[in-house]
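Reader: I would like to learn how to read aromatic rings and strands in a structure. Could you take me through an example?

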Amino acid sequence: MSSEVDKVDGGRRHFLLVATTVTGVAGAALTAVPFLASWKPSARAKAMGAPVEQDISKLESGAMVKVNWRGQAIFIVRRSPEMMKALEDPSLADKLRDPKSEQSDQPAYAKNDSRALKPEYLVLVGVCTHLGCAPLGRFNPADAELGADWPGGFYCPCHGSKFDLAGRVFKDVPAPLNLKVPPYRFVTDGVVQIGVDAEVA
């Protein structure tokens, strides 16, 4: 009689042990999932730091598109042949505060006269280096508001800072530095990715 009771008690004990273990493991897993998920960055945090891509395949010559990256406006300009020619004007350098971009913030691959990976496409942080206002694209030379000697570029209406078609600051304006060039690369000929540095051989 006692051996049968022992068998029944042993079976119960085994069942209770397995059931308790399974319940405990399941409970721990269900508790761990939201706990571990709380370590992941939020969608907003991802958006603030994640690279962004922009299709520029349909961007017309002489036009600009704005992209938002890390809470900042990014200007992508497809420079026309006329805009490129204006940048080659030998008298332009004398009007600029930092024509060689020596004091300005840009990746090494954008430290050239066009301040770009591909001369046709200019990529800039659209924030004035004076007080953080938003410059406007004023690409037409001899703009009525900016005067007959205006070569085209960017104008900040808040305090009058002016930048050329490569984002380089003119002399005698409040902004101290050229517009910043963010890290970027071309994923394809028609897609720019902002936030990742190009691999330049």
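Reader: Does Tyr184 count as buried or exposed, and at what relative accessibility?

Author: Please keep in mind that this is a predicted model. A residue is called buried when its relative accessible area is under 20%, and Tyr184, at 0% relative accessibility, therefore counts as buried. Tyr109 is buried as well, with a relative accessible area of 13%.

Reader: How is a pair of aromatic rings described?

Author: One gives the distance of the centres and the angle of the planes. The structure holds 6 aromatic pairs, and in one of them the rings of Tyr109 and Tyr184 have centres 6.0 Å apart and planes at 80°; because planes over 60 degrees apart count as edge-to-face, this pair is edge-to-face. Tyr109 lies in the loop between α3 and β4, whereas Tyr184 lies in strand β8, so the pair ties together parts that are 75 residues apart in sequence. Trp150 and Phe170 form a tilted pair, with 5.8 Å from centre to centre and 40° between the planes.

Reader: Which residues do ring pairs link into a cluster?

Author: The cluster consists of Tyr109, Tyr121, Tyr184 and Phe186, linked by ring pairs, and Lys118 lies over the face of Phe186, at 4.2 Å from the ring centre.

Reader: In what order do the strands of the open sheet come?

Author: The general idea is that side chains in a regular strand alternate between the two faces of the sheet. Here 3 strands form an open sheet in the order β5-β6-β7, with antiparallel pairing, and β5 and β7 are the edge strands, each of which pairs on one side only.

How values were computed: Residues are numbered from 1 along each chain as its sequence is written. This is a predicted model: local features need pLDDT of at least 70, side-chain atom pairs count only at pLDDT 80 or more; totals for chains, interfaces and linings use all residues. Side-chain values use heavy atoms; hydrogens and water are left out. Two strands pair if DSSP finds at least two bridges between them. Helices (H or I, at least four residues) and strands (E, at least two) are DSSP runs, numbered from the N terminus. Rings of Phe, Tyr and Trp (its six-membered ring) pair if their centres lie within 6.5 Å; planes under 30 degrees apart count as stacked, over 60 as edge-to-face and the rest as tilted. Buried means under 20% relative accessible area, exposed over 50%, partly exposed in between (1.4 Å probe, protein chains only). A charge sits over a ring if NZ of Lys or CZ of Arg is within 6 Å of the ring centre and within 35 degrees of the ring normal.
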